[in-house]
Structure formats: structure tokens, C-alpha cells
Amino acid sequence: MARPGGPAPHLGDRADQGLRGRAGIFITRQLDARGVEDRNRWAFPTSSLRPGDVRKLPLAGWNSARCARALSIENKSRALHHFSAAARITFAATGILLAEDVDREIVATPQTDWHTTRSRLFSNEVSWSQVLRDRDLRLRPDLCKPWLRWINTPTQLHRFDTTYFIATVPFGQDVDFLSPNETSAGWKRPGQILAEVGGDPDRIGAAARIIVESLAEVPTVGAAMAQIRNVHPLRPEIVDDDGDWKVVIHTGKDPHSKGSLRDRAVAVGETDNDQSPGFLTFSGDDDDETTDEKNDDS
């Protein structure tokens, strides 16, 4: 239900979520304003990876090793970081909380009265792990399912390595959309989205279109959550085919297994503040694992 994005440095690290009901997708229409990622397009809420996503993170269900296996990557801290960032932006943007309480029950109370906390999460005034600790909650990574991994083209100024997730809305909760700008959002069926955007690339990004198309034939949320997905990165390339420019998509290996594609200099912004659900920054050492892991995975 969101796309907790990743950094906009060398090669960002992002995450995304969005599914509900019978093949209904919670999707946003990005603000038509200069500097907004996916400007005026259908997209998913986005944010950066932040150190506070994993530092002293109260965790239940899956541990970082299980998250790494789900993403088919070796770096356990990086894997958990993506899951946690996805859960954070899901809560900040939609009010949906993918966590359990002290009784080990999935949170089932609507979070419509948490607007101040959610706004502070957007502006990075409070860390995600602190929000959970203050309320005796523990993140449930197993409630997020990795759906697609996308690395944008080398020709683009800002390179992103984005992991998209889907998630069901826990019983008793409902979406209460909150945006730091005037971005709109709502539930739509995949077929409805595809009909509205047609073949116009200016109305939806390539990665978002692939996700919507892949969900179009999925009858229920349960079927989507049970689906086995190939989460090895897709890497689009722009090629010249006898004068016609085309985008070719290849399945690639994990670039982080052999180091970064670029250095770690921040390409967009100098802080961790998210100006919109489409603004990305990068910070933190993905090898610095400070998670409070008390559960063994099965």
C-alpha cells in the first residue's frame, strides 16, 4: 500500500505497498508540481530509508534473516530496512499499522487520531522505531509481501533501487490518507487504472504500470499474498531500434552484492526530510544492524 522508498544517492533503496479487497489497489495521484517524484502520475506513496527504521526496532514474527530470504539478498540489515521503511510509510500515509501489541495481537484499532505522529514521521521529527517503542508495539514484517524490485535506467539523474511490497489491511483498521502536500489517493481496481492511463507514459510510471498489470488478473488479496514472486531486480534500458527508442527490461543480479553502482553522495536534498510521498533521500549505514531481534523465524 505504499512505496517506502529509498535513498536518492548513488542508487536509492525504496519500498512500496498497496493492495486490498478483491484486487483493489490503494494508489496516489502525485501532485502536479515541480520537484515531485512521479509528477502528475499515478504512483505509490514513497519515502526514504532512515536509520530510525531499524535502530532499536521492536520486532516480532520474522527476523532480519527471514526478511533477507524473502528478498533474495544476503544483507540482512538492508532487507529488514526495506520492510521497516515500507511499514513506516504505510502508517504515515494511510494510517495502517502493521504491528502487534503487548498481547501479541495484530493492532486492530483505526489510527485516525494519530495525525500529529504521522505528520512528524513525514518530516522525520520522530523515528519509526521510537513510535513503536513508545506504544509497546512490535513491527510485523511478515505482514508485508515483496512484489517487485525495480532499478531505474542509468540515463536518469537520480538512480533508485526500489522494492515494492503489497499488504492486506488488518481487520479493524481502515485507510485514513494523509499527505504532506496536495497529493490525492484512493482505492481503484487495476483494470480501472489501466483504462484511465491508456498508453500514456506521462500518466503512470513504468514500474507502477507493471505492478498494476500484474495484479489485474489476481482475484483476491489472499491469492496475491500466496503468490510466489521473483524479486530479482528488473533493470530497464533505453535502446535505439532503427531510429525508434524503446525500453527493454532485463532481470538483473543484485548490484549490492558487488558494491554500489555509484558513490554514496546524496543526489537529492541534504536532509532526511520528506517533502512529499515522492521525495527520496538516503542516510545511514545498511550494515549497521541495531535491531531488537528476539524472535526466531520458522
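Visitor: Is Glu105 buried, exposed or partly exposed?
Guide: Glu105 is partly exposed, at 48% relative accessible area. Buried means under 20%, exposed over 50%, and partly exposed lies in between (1.4 Å probe, protein chains only). Keep in mind that this is a predicted model: local features need pLDDT of at least 70, side-chain atom pairs count only at pLDDT 80 or more, and totals for chains, interfaces and linings use all residues. Residues are numbered from 1 along each chain as its sequence is written, and side-chain values use heavy atoms, with hydrogens and water left out.

Visitor: Where does Glu105 sit?
Guide: In the loop between β4 (99-100) and α3. Helices (H or I, at least four residues) and strands (E, at least two) are DSSP runs, numbered from the N terminus.

Visitor: What does Glu105 touch?
Guide: Ala99 and Glu100, not counting residues up to four places away in sequence. Contact means heavy atoms within 4.5 Å. Glu105 and Leu137 are 32 residues apart in sequence, and their C-alpha atoms are 9.8 Å apart.

Visitor: Now Arg140. Buried or exposed?
Guide: Arg140 counts as buried, at 15% relative accessibility. Its place is the loop between β5 (138-139) and β6 (144-151).

Visitor: Which side chain does the Arg140 side chain make a polar contact with?
Guide: That of Asp142, at 2.8 Å. A polar contact is a pair of N or O atoms within 3.5 Å; within protein, one must be able to donate a hydrogen and the other to accept it, and residues adjacent in sequence count only if both atoms are side-chain atoms.

Visitor: And what else is Arg140 in contact with?
Guide: Leaving aside neighbours within four places in sequence, Arg140 contacts Ala60, Gly61, Leu98, Ala99, Glu100 and Ile106.

Visitor: Switching to helices. How do α2 and α3 cross?
Guide: Helix α2 (residues 76-94) and helix α3 (residues 115-122) have axes that come within 8 Å and cross at roughly 130 degrees. Axes are lines fitted to C-alpha atoms, for helices over the stretch in contact, and angles run from 0 to 180 degrees between N-to-C directions. The pair is therefore oblique. Under 35 degrees counts as roughly parallel, over 145 as roughly antiparallel, 65 to 115 as roughly perpendicular, and the rest as oblique.

Visitor: Which residues make that contact?
Guide: From α2, Arg88, Ile89, Phe91, Ala92, Ala93 and Thr94. From α3, Thr117, Arg118, Leu121 and Phe122.

Visitor: What about α1 and α2?
Guide: The axes of helix α1 (residues 64-71) and α2 come within 8 Å and cross at roughly 85 degrees. That makes α1 roughly perpendicular to α2. On the α1 side, the contact is made by Ser64, Ala65, Cys67, Ala68, Ala70 and Leu71. On the α2 side, Lys76, Ala79, Leu80, His82 and Phe83 take part.

Visitor: Which residues of α6 are buried?
Guide: In helix α6 (residues 206-215), they are Ala207, Ala208, Arg209, Ile211, Val212 and Leu215. Their cover includes β2 (25-29), β3 (42-43), β6, β7 (160-167), α5 (190-197) and α7 (221-226).

Visitor: And Pro236, where is that found?
Guide: In strand β9 (residues 234-241). Pro236 is buried, with a relative accessible area of 3%. Pro236 and Trp150 are 86 residues apart in sequence and 8.3 Å apart in space, C-alpha to C-alpha.

Visitor: Last one. How many helices and strands does the protein have?
Guide: Seven helices and 10 strands. Of the 298 residues, 52% count as buried.
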